[in-house]
Amino acid sequence: MNAKQLNLEESKSGKDVIIMRKQPIVVLSVSFAIGIFLAGLASSGDKERPVAKYPDDYRHWTHVKSMVIQPGHPLYQLFGGIHHIYANWKAFKAMESGKSFPDGAVLVFDLLEVKNESNSLAEGSRKFIGVMQKDSKEFIDTGGWVFEKFRGDTKERVVSEPKSACFACHEAQKQKDYVFSDYHK
Ligand code: HEC
């Protein structure tokens with residue numbers, strides 16, 4: 001921001017007359033304007049929550065595990081069906097070596113309907129994908145992970161409060177960097 005822009009800000013707030021007359025007030029007003037500018041930067045993060053990228057190629061990632069959740073399981077309402085968990089390369093290397101997840105690690109929880117067909121359980125349509133993307137600087141409130149959920153086969157985001165909708169439960173896994181699943185060879 002240059003001096004010209006700052007003056008512009010101030011004339012909007014009607015303070016330009018004072019600035020012309022007294023030098024110390026100019027200094028004060030300029031710092032005030034810078035303050036407002038910085039506050040604006042900080043609060044713009046609240047208005048537009050940073051989000052995870054849709055993981056376009058996750059079906060080509062490393063398969064971590066699968067699980068079927070049936071009626072009667074405590075998580076049936078939330079995650080009933082069959083899910084597969086995938087890790088991108090950075091997440092997979094961390095899981096394999098037991099090290100903590102680096103920035104850029106992404107895990108996907110892919111949940112599909114489960115169809116009970118003549119004593120077999122088969123995949124139905126996709127319910128949603130859940131995404132955890134590590135960015136330790138941005139997401140300090142949610143353990144350094146951004147949590148996201150995309151509906152069905154779409155890229156429609158369906159989580160507005162990731163802290164209560166996702167992190168509240170994943171928080172229990174703090175000792176494992178908020179991740180539940182383990183990779184087995
Ligand atoms: C009630 C608890 C609970 C809530 C709420 C929850 N999860 Fe999970 N999540 C789990 C469990 C348990 C697993 C491990 C499942 C398994 O072992 O197959 C898991 C696994 C995952 C994984 C794979 C990595 C890992 O931790 O194993 C991702 C990605 C994920 N969840 C994203 C989300 C997102 C996004 C939300 C919010 C929309 C969410 N979760 C909400 C319990 C929860």
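**A walk through the model**

Lys174 counts as exposed, because it has 9 C-beta neighbours inside 10 Å. The cut-offs are these: a residue is buried if 20 or more other C-beta atoms lie within 10 Å of its own, exposed if 12 or fewer, and partly exposed in between, with C-beta atoms placed from the backbone. Lys174 sits in the segment after α6.

A word on what you are viewing. This is a predicted model, in which local features need pLDDT of at least 70 and side-chain atom pairs count only at pLDDT 80 or more, while totals for chains, interfaces and linings use all residues. Residues are numbered from 1 along each chain as its sequence is written.

Start with the overall layout. The chain has six helices and five strands. Both are DSSP runs numbered from the N terminus: helices are H or I with at least four residues, strands are E with at least two. From the N terminus on, the order is α-α-α-β-α-β-α-β-β-β-α. Of the 185 residues, 24% count as buried. Take the contacts with a separation of 6 or more: residues 24 or more positions apart account for 42% of them. A contact here means that two C-beta atoms, placed from the backbone, lie within 7 Å.

Now find the sheet. It is an open sheet of five strands in the order β1-β2-β3-β4-β5, with antiparallel pairing. Two strands pair if DSSP finds at least two bridges between them. β1 and β5 stand at the edges with a single partner strand each, so one side of each has no neighbour in the sheet. Neighbouring strands are turned by 25° against each other on average, direction ignored. Axes for such angles are lines fitted to C-alpha atoms, for helices over the stretch in contact, and angles run from 0 to 180 degrees between N-to-C directions.

Follow the pairings across. Seven bridges join β1 to β2, which run antiparallel. In that pair, Val68 has Ile82 of β2 as its bridge partner. Six bridges join β2 to β3, also antiparallel. There, Ile85 stands opposite Phe109 in β3. At the other end of the order, seven bridges join the antiparallel strands β4 and β5. Gly130 stands opposite Lys149 in β5.

Why is β2 largely enclosed by the rest of the structure? Six of the seven residues of this strand (residues 81-87) are buried, so the rest of the structure largely encloses it. Helix α5 (residues 89-97) lies across β1, β2 and β3, and runs at about 90° to β2.

Next, the core. The largest nonpolar core has 30 residues, and Ala91, Val106, Leu107 and Val108 touch the most other members. Such a core is a set of buried Ala, Val, Leu, Ile, Met, Phe, Trp, Tyr and Cys residues joined through C-beta atoms within 7 Å. β2, α5, β3, β4 and β5 each give two or more residues to this core. β3 gives the most, with six residues. Look at Leu107: not counting residues up to four places away in sequence, it touches Ile85, Ala87, Ala91, Met132 and Val179.

Which residues come nearest to the ligand? Of the 22 residues around it, they are Gly130, Cys166, Cys169, Phe180 and Ser181. A residue counts as near if its C-beta atom, placed from the backbone, lies within 6 Å of the molecule. The elements that give two or more residues to this shell are β1 (62-69), β3 (106-117), β4 (120-134), β5 (145-151) and α6 (162-170). α6 gives the most, with four residues. By class, the shell has 16 nonpolar, three polar and three charged residues. Ala, Val, Leu, Ile, Met, Phe, Trp, Tyr, Cys and Pro count as nonpolar, Asp, Glu, Lys and Arg as charged, and the others, Gly among them, as polar.

Finish with the segment after α6, where Tyr183 is found. Tyr183 is partly exposed, with 17 other C-beta atoms within 10 Å. Leaving aside neighbours within four places in sequence, Tyr183 is in contact with Val64, Phe92, Met95 and Glu96.
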